[in-house]
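Hello,

Here is the structure you are taking over. Please look through it, then read the notes that follow.

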Amino acid sequence: ALHLAKAQDGKSLEDFQKVYNAIAEKLRDEDEFDGYIGYGPNLVRLSWHVSGTFDKNDNSGGSFGGTYRFKKEADDPANKGLQNAAHFLEPIAKKFPWISHGDLYTLAGVTALQEMQGPKIPWRPGRVDADEKDTPENGRLPDASQDGSYVRHYFGRFGFTDQEIVALLGAHCLGKTHLENSGYEGPWGAATNTFTNEFFVNLLNENWKLEKNEAGNKQYNSEKGYMMLPTDYALVQDGKFRKYVEKYAKDQDAFFEDFKSAYVKLLENGIDFGKLGKAYVFKTLDEQDS
Ligand code: HEM
Ligand SMILES: CC(=O)Cn1cnc2ccccc21
């Protein structure tokens, strides 16, 4: 059965907005991380990795139990590099001991996206920390060397459509690959910390060449020094995915809307929020200054 969300006693929008603000202020303070990309993209990747272990067949994994805090999941080779995001969040968890790890990991991704000028992401609290024994085994996160049918099958485990898959992968407009983490090398020049539809624009507009990188893995590189993973490039090789790439390259608003819906589905997969009321939409720091 689905995990039942449990309200944190007496916590309301204002309390969670304080957590949002603490994360957002720390993002601004520590802007030098990873060649001045900052922690935003890493936090978004953490929120996806803690949710991407979900399996609808037995409702195991997913963001509910906050099991990333246990060694087995944190040490999954697919999570290499996310220690940075986890370390970034430690003082936030200490300052707000009442928030569950599942809520903190997902709220951090929402905060990072909104502070990087992404869409407003409705977010619901209520995830409850699970025991170490409930930690999903390693190997549930995707393999970047694969093609379109692999990507379609992989996301089928969450019940995602082609449109949701393409929208979600638009998050690869953020940050970069790091050879020491994943065996893929990204260009410093093109890495960004602003949420836009340029992942789709680049996929369609650049001349991509399949090359072996220093780790012996194949990746697509362009003259401008951009890169795409094989699973990224699969989105323009596969006709059914390609039509959504073209849609989002032309229409950033449509991308923002569809990304928001798919990302909420990713973060909430496997959780029954019941009658816990509607989702919170947080103000960005800029919206609170004025
Ligand atoms: C087919 C599915 C996916 C594959 C194979 C994949 C693979 C990867 C790889 C290999 C990296 C580089 C990690 C590193 O070297 O540091 C990466 C980074 C990233 N991924 Fe994905 N990813 C997928 C889906 C997603 C989704 C669904 C999201 C979010 C909604 C996402 C968000 C990110 C972000 C923001 C980064 C940059 C992290 C940073 O700069 O530290 N990815 N991904
Ligand atoms: C800047 C760049 O390489 C855009 N990009 C293209 N594919 C990516 C996968 C993960 C992170 C960033 C990615």
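The shell around ligand 1 takes at least three residues from each of domain 1 (3-140 + 263-289) and domain 2 (148-254). Please keep in mind that this is a predicted model.

Among the 20 residues around ligand 1, those that come nearest are His172, Lys176, His178, Asn181 and Ser182. His172 places a polar side-chain atom 2.9 Å from a nitrogen atom of the ligand. For His178 a backbone N or O atom lies 2.7 Å from an oxygen atom of ligand 1. Two or more residues of the shell come from each of α3 (40-51), α8 (162-169) and α9 (179-182), and α3 gives the most, with 4 residues. By type, the shell divides into 10 nonpolar, 8 polar and 2 charged residues.

Now the contact between the domains. Their centres, taken over C-alpha atoms, are 23 Å apart, and the contact takes 27 residues from domain 1 and 21 residues from domain 2. About 1900 Å² is buried between them, with carbon and sulfur atoms giving 60% of that area. On the domain 1 side, Ile37, Met116 and Lys265 supply 26% of the area buried against domain 2, more than any other three residues.

The count between the domains is 1 salt bridge. Lys265 also forms a salt bridge with Glu164, where the closest N and O atoms are 3.2 Å apart. Across the interface, 13 residue pairs are in polar contact. On the side of domain 1 that touches domain 2, α3 gives the most, with 4 residues.

Regards

Methods
Residues numbered from 1 in each chain as written. Chains lettered and ligands numbered in written order. Predicted model: local features only at pLDDT ≥ 70, side-chain atom pairs only at ≥ 80, totals over all residues. Heavy atoms only, no water. Near = heavy atom within 4 Å. Polar contact = N/O pair within 3.5 Å; in protein donor to acceptor, adjacent residues only side chain to side chain. Nonpolar A, V, L, I, M, F, W, Y, C, P; charged D, E, K, R; others polar. Domains from an automatic or database assignment. Contact = heavy atoms within 4.5 Å. Buried area = accessible area lost by both parts, 1.4 Å probe. Salt bridge = Lys/Arg side-chain N within 4 Å of Asp/Glu carboxyl O.
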